[in-house]
Amino acid sequence: MEITKDITIGELLKNVPEAAPVLLGAGMHCLGCPASQGESIAEAAMVHGIDVDALMEQLQALK
């Protein structure tokens with residue numbers, strides 16, 4: 001699976017469960033909340049004040 005800024009947190013966690021510690025480490029602590037399941041990585045990063053490009057580097061390194 002290609003990890004892009006546009007996939008939802010729910011889709012990411014379903015297909016790449018090892019992404020959870022990366023997201024938690026970046027400050028996204030409500031991975032199980034309903035809103036996060038429909039939010040894209042870019043949207044979630046913006047809401048949490050996280051540099052989406054730095055986060056993407058970490059997530060893409062999981063492949």
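The count of cavities of 30 Å³ or more comes to 1 in this predicted model. A cavity here is a set of points on a 1 Å grid over the protein atoms alone where a 1.4 Å probe fits but cannot get out. The largest cavity has a volume of about 40 Å³, a volume being the space filled by probe spheres set on the points, which are joined across faces, edges and corners. Its lining residues (an atom within 4 Å of a point) are Ile9, Met28, Cys30, Leu31, Ser36, Glu39, Ala44 and His48.

The model is predicted, and local features need pLDDT of at least 70, side-chain atom pairs 80 or more, while totals for chains, interfaces and linings use all residues. Residues are numbered from 1 along each chain, and side-chain values use heavy atoms, without hydrogens and water.

Helices α4 and α5 (DSSP runs of H or I, at least four residues) pack at an angle of about 130°, with their axes, lines fitted to C-alpha atoms, 10 Å apart.

| Helix | Residues | In the contact (heavy atoms within 4.5 Å) |
|---|---|---|
| α4 | 41-48 | Ile41, Ala42, Ala45 |
| α5 | 52-60 | Val52, Leu55, Met56, Leu59 |

By class, this contact has 7 nonpolar, no polar and no charged residues.

Notes. 1 Å grid on protein atoms, 1.4 Å probe; cavity = no way out; pocket = protein on both sides within 12 Å on 5 of 7 lines; lining within 4 Å. Axes fitted to C-alpha atoms, helices over the stretch in contact; angles between N-to-C directions. Helix = DSSP H or I, 4+ residues; strand = E, 2+ residues; numbered from the N terminus. Nonpolar A, V, L, I, M, F, W, Y, C, P; charged D, E, K, R; others polar.
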